[in-house]
Amino acid sequence: MTAVVLAACGGGGSSSSSEATGTGSSGTEASETTEASETSEGGGETASVPRPPESPPDEIPITIPLKSKPPAGKKVVFLQCEIPTCGFYVPGLEAATKKLGWSLEKLVFKSEDPVPGIEAAIAKHPDYIAITGVPVSVIKPQLAQAAKLGIPVISCADPDEPAAGGFAAQCGGTLVREAEYMGAWMINDSGGKAHVLGVTIPIYPVLESETNYFTGEFKELCPECVYEELDITTANLGAGNVPQEVVAYLQAHPGIEYTYNTFGATPGMSAALDPAGFGDVKLTGGPAEQATIEEIAKGKQAAWTTNGNEYDGWVMIDAMARLANGEELSPKYQEEIFSDPTWVISSPKAAESLKPDEYIWPGPTGFEEHFEELWQLG
């Protein structure tokens with residue numbers, strides 16, 4: 001799942017009006033790519049809102065170079081949640097630390113009880129700690145301890161903005177853009193009459209940035225659309241029970257045409273819905289994991305946004321590299337990293353284009369080389 005999984009509705013407030021109208025992270029208006037008057041690929045009627053970007057963004061929002069090459073030999077501890085999505089940050093963290101001549105250690109923690117994990121990380125006295133999806137309020141005393149010891153904590157996938165006594169930087173802190181893109185896709189696909197079931201995990205604040213969009217702006221954009229919500233637990237997700245929960249909900253609430261997962265993926269969803277008589281329900285969500293993208297390629301799921309978690313791994317190390325140089329993480333920089341580049345995979349062809357990367361979108365094209373240039377490694 002996308003350890004993305006996580007943050008607070010506060011993150012939603014950072015979404016710009018351009019995101020709400022479909023501006024891709026590449027800076028191209030969705031309405032310039034596909035006019036709102038066209039028929040949607042999904043088979044719906046005339047589109048009623050500008051369509052979201054349905055091809056990968058190729059621009060990287062971080063543009064400020066470091067003043068000099070960062071010092072080597074720094075030690076990083078990554079606190080990795082037990083959910084599979086959290087593991088997708090690891091390749092980026094490993095590659096980026098290797099490029100800088102740094103070391104990386106991974107510690108797995110339970111999302112519902114992160115305190116022992118961060119305490120174990122602090123006890124190792126690293127130069128930096130990376131973490132995803134944990135709100136400041138849950139680990140506030142530990143963050144204060146890390147600050148006292150001079151250990152900056154860099155976060156992704158939580159809506160808490162950087163602050164003294166909190167996180168030094170926050171990347172991918174909101175999933176509002178993902179919800180906006182998929183909301184627009186469903187509005188267009190349904191001809192403005194989508195009946196949506198949101199499937200979410202309430203303990204992760206970042207996922208609230210998605211559900212808040214659907215209970216608010218989505219309804220304003222689409223008065224004839226209907227949104228319902230099913231809350232699940234990490235225990236049921238881990239036990240593989242979510243498809244059965246969704247089937248039970250669909251049976252008790254007829255008329256639902258779309259499901260929207262606020263987190264990465266739910267293995268077995270398409271296999272469970274078809275024999276239960278819900279094969280026509282379109283499976284959507286974001287950000288998508290590997291198995292989900294592969295199912296889109298096979299025509300078993302409809303459309304999902306996807307994020308470059310590998311790219312985010314490099315972003316976390318980029319913030320650390322700047323701190324290692326004694327450079328300020330400026331408000332402009334914090335804004336550049338708070339919302340991830342993303343796009344909608346809405347056809348088997350688009351999903352199949354990611355097969356060379358094992359159905360994972362690492363991030364914008366050439367981001368590794370981009371960071372190497374920013375870090376003065378040439």
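**A first look**

Author: Of the 378 residues in the protein chain, 56% are buried, where buried means under 20% relative accessible area, exposed means over 50% and partly exposed lies in between, with a 1.4 Å probe and protein chains only. This is a predicted model, in which local features need pLDDT of at least 70 and side-chain atom pairs count only at pLDDT 80 or more, while totals for chains, interfaces and linings use all residues. Residues are numbered from 1 along each chain as its sequence is written, and side-chain values use heavy atoms, leaving out hydrogens and water.

Reader: How many helices and strands does the protein chain have?

Author: There are 16 helices and 11 strands; both are DSSP runs numbered from the N terminus, helices being H or I with at least four residues and strands being E with at least two.

Reader: And in what order do the five strands of the open sheet come?

Author: The order is 2-1-3-4-5 and the pairing is parallel, with two strands said to pair if DSSP finds at least two bridges between them. The edges are taken by strand 2 (103-109) and strand 5 (169-171), each of which pairs on one side only. From one strand to the next the twist averages 20°, using lines fitted to C-alpha atoms as axes, for helices over the stretch in contact, and angles that run from 0 to 180 degrees between N-to-C directions.

Reader: Which residue stands opposite Phe78?

Author: That is Ala130 in strand 3. Strand 1 (residues 75-81) and strand 3 (residues 128-132) are paired in the parallel sense over four bridges. Helix 13 (residues 309-324) packs on this sheet and touches strand 1, strand 3, strand 4 (153-156) and strand 5, its direction making about 150° with that of strand 3; contact here means heavy atoms within 4.5 Å.

Reader: What about the six strands, what order are they in?

Author: They form an open sheet in the order 7-6-8-9-10-11, and the pairing is mixed. Strand 7 and strand 11 (342-345) each have a single partner strand, so one side of each is left without a neighbour in the sheet. The twist in this sheet averages 25° from one strand to the next.

Reader: Are the two faces of strand 8 covered or open?

Author: Both are covered: Tyr258 and Tyr260 on one side, and Thr259 and Asn261 on the other, are all buried. Strand 8 also runs parallel to strand 6, joined to it by four bridges, and it pairs with strand 9 (residues 282-285) in the parallel sense, again over four bridges. Tyr260 is the bridge partner of Gly198, and its own partner in strand 9 is Thr284.

Reader: Switching topic, which residues of helix 10 are buried?

Author: In helix 10 (residues 242-252) they are Val242, Pro243, Val246, Val247, Tyr249 and Leu250. These residues are on the same side of helix 10 because they cover an arc of only 165° around the axis, the arc being that of the directions from the helix axis to the C-beta atoms. The face turned away from the buried side carries the exposed residues Gln251 and Ala252.

Reader: And what covers the buried residues of helix 10?

Author: The cover includes strand 6 (195-200), strand 7 (226-231), helix 9 (234-238), strand 8 (258-261) and helix 11 (269-273). Helix 10 lies across strand 6, strand 7 and strand 8, and runs at about 140° to strand 7.

Reader: How many residues are in the largest nonpolar core?

Author: It has 43 residues, and those with the most contacts inside it are Leu79, Ile131, Leu197, Val246, Leu250 and Leu273. A nonpolar core is a set of buried Ala, Val, Leu, Ile, Met, Phe, Trp, Tyr and Cys residues joined through side-chain atoms within 4.5 Å. Helix 10 gives the most to this core, with five residues. A second, separate core of 34 residues includes Trp102, Ile154, Cys156 and Ala157.
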